[in-house]
Amino acid sequence: MDDFYVRYGDELLQGLPCRSSLDGILDTLRARGAGLVPTVAAGAMPGGVVERRAYETFKQAILDQAHDVDGACLYLHGAMRASPEPGRRAEGLDYADNDLVRDLRARLGPGVPITLALDMHANIVAEMVGNVDAMVAYHTAPHVDAYETGGRAAEMLLWILEGGKRPAMGFAKAPFLLPGEMAQTALDPMASMMALVDELEQRPEVLSASLANGHCWADVPDIGVSAVVVTTGDAALAQAEADRLAATFWQRRAEFGVSAEAYPMAEAVEKARTAGESTVFLSDSGDNPGAGGTTDVPELLAELFAQDAQSVVFASIWDVEAVEACAAAGVGQDVTVSIGGKLDTFHGTSLEVTGRVRLLTDGQDYKGGVRQPRGRAQTGPIAVLNMDGVDIILSSTRLSFEDPAQLRCLGLEPLDYRIVVLKRGYLTAPFQAISQRSILAFSPGATNCRVADMAFRRVNRPIYPLDLDTTWTPIRIIGNE
Ligand SMILES: [Zn+2]
């Protein structure tokens, strides 16, 4: 519960500090004079399974308002899992977003329309499609259309309310475990898949079309690449086009690889170290907090030391104890700390380093002006430890570095370094804008892009690429009239 930032009521109606889907929903509905009933906005850095108590609290805040309304429009990420109920040994919720819309539908009844805006990495299941009237997922990765997607979900709700008609939805899902890093929308083959989506959306009878690649590391049984097509009422057309999108995706499955320059970890460090460019961005992709990595796997950092890399900033390692040790020593002092390898003990082990504390902050620097990670008010204390030419950012909360401003407000200029290590997959748009060259390292961690190397236990088999000979053809899964 403490990991979430939460907004209720009027605070929610003020929107978020970034152009989020919530803002898109609010602006679109307001522009048409709709009266708004706020429920709850809750978000956290992804990381494992949501504690059931937190999930139920947020769900209840939505259900409590689900009466005497004409419609509901929600933004959900779409890949949330929740733990079993306290004291019960039963399974948790593998598709918590589906559980939420199922209960919302039960509360509102069949006559009240529900539309959804979703992240492109949603794990959509057939029942969820059946429980809502329309949905649309982001069309971009890296995501730069969150606001527009929220607006489109709200537009579809208004279309239903103003026209008195219900849309039809088609849904198809290909058994493909696809890391987000392999599906950047500006690069092929994903770019040409999204061109098909755009083409479809030009048709007057199509309200929206989406491809949701899923969150492969969730390790839930029903996982894959989903195609959802919403039409103005033609169910056969919606299903045929969803089938066609999913089938095309499936036919091209072998073409989906990491589109960035990518190497095994040691080779990636070597390439970055010997690069001719003045600055190279190196992605520690196996431990990406934005995808649920623990942010405490120090293996790539150890490799940098092993290769004696110089002029490096490493963003970042989550380690409260190490931050406290640096704070206790003070700026300019030498300190020996054991960093990382404390939560994720499976993919890495703690690294003992002796360095000099270069900087300490209480995390308040992130307030105002700078885009904050997921709207969080503050990051908590941060320390920068310098050792042998490497500046290691140590944080007391899990940080996702999405904008160079986050480094600059620590007084660290990314372009002054030869190598900028980011715990993430592909670079976000603001980093891409200043990057001459980026290299992705296949590093160990909970978000390893080489899914064949991961210990999946629960995904339905066969699934590509764990089972390379998987066969699949689209079948009619759902068509809600
Ligand atoms: Zn996403």
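1. In what order do the three strands of the open sheet with parallel pairing lie? The order is β3-β4-β5. This is a predicted model, in which local features need pLDDT of at least 70 and side-chain atom pairs count only at pLDDT 80 or more, whereas totals for chains, interfaces and linings use all residues. Residues are numbered from 1 along each chain as its sequence is written.

2. Terms for the elements come first. Helices (H or I, at least four residues) and strands (E, at least two) are DSSP runs, numbered from the N terminus. Two strands pair if DSSP finds at least two bridges between them. Strands of a sheet pair through backbone hydrogen bonds, either parallel or antiparallel.

3. In the sheet β3-β4-β5, the edges are β3 (72–76) and β5 (134–137), each of which pairs on one side only. From one strand to the next the twist averages 15 degrees; axes here are lines fitted to C-alpha atoms, for helices over the stretch in contact, and angles run from 0 to 180 degrees between N-to-C directions. Four bridges link strand β4 (residues 114–118) with β5 in the parallel sense, and Leu 118 stands opposite Ala 137 in β5.

4. Helix α2 (residues 21–31) packs on this sheet, touching β3 and β4, and its direction makes about 160 degrees with that of β3. Helix α4 (residues 96–108) lies across β3 and β4 and runs at about 160 degrees to β4. Two residues are in contact if their C-beta atoms, placed from the backbone, lie within 7 Å.

5. How do α2 and α6 cross? The axes of α2 and helix α6 (residues 146–163) come within 6 Å and cross at roughly 45 degrees. The two helices are therefore oblique to each other; angles under 35 degrees count as roughly parallel, over 145 as roughly antiparallel, 65 to 115 as roughly perpendicular and the rest as oblique. The crossing of α2 past α6 is right-handed. A crossing is left-handed if the near helix is turned anticlockwise from the far one by less than a right angle, and right-handed if clockwise.

6. The contact between these helices includes Leu 22, Ile 25 and Leu 29 of α2, and Tyr 147, Ala 153 and Ala 154 of α6. By class, the contact has seven nonpolar, six polar and four charged residues. Ala, Val, Leu, Ile, Met, Phe, Trp, Tyr, Cys and Pro count as nonpolar, Asp, Glu, Lys and Arg as charged, and the others, Gly among them, as polar.

7. Another open sheet has nine strands in the order β9-β17-β10-β16-β11-β15-β14-β13-β12, with mixed pairing. Its edge strands are β9 (261–264) and β12, each pairing on one side only. The twist averages 30 degrees from one strand to the next.

8. Thr 336 has Thr 354 in β13 as its bridge partner. Strand β13 is also joined to strand β14 (residues 382–387) by five bridges, again antiparallel, and Val 357 stands opposite Leu 385 in β14.

9. A parallel pair in this sheet is formed by strand β11 (residues 312–318) and strand β16 (residues 419–422), over four bridges. Ala 315 stands opposite Leu 422 in β16. Helix α10 (residues 299–306) lies across β10 (280–284), β11, β13, β15 (390–395), β16 and β17 (438–442), and runs at about 150 degrees to β11.

10. The protein is divided into domain 1 (5–257 + 475–480) and domain 2 (261–448); these bounds come from an automatic or database domain assignment. The C-alpha centres of the two domains lie 32 Å apart. In domain 1, 15 residues are in contact with 22 residues of domain 2. The side of domain 1 that touches domain 2 has nine nonpolar, five polar and one charged residues.

11. The peptide bond from Ala 141 to Pro 142 is cis, with omega near -5 degrees, and Pro 142 lies in the loop between β5 and α6. The bond from Asp 188 to Pro 189 is also cis, with omega near 10 degrees; Pro 189 is in the loop between β6 (168–174) and α7 (190–201). Asp 68 is not a glycine, yet has a positive phi of about 55 degrees, and lies in the loop between α3 (52–63) and β3. Most residues other than glycine have a negative phi, and most peptide bonds are trans.
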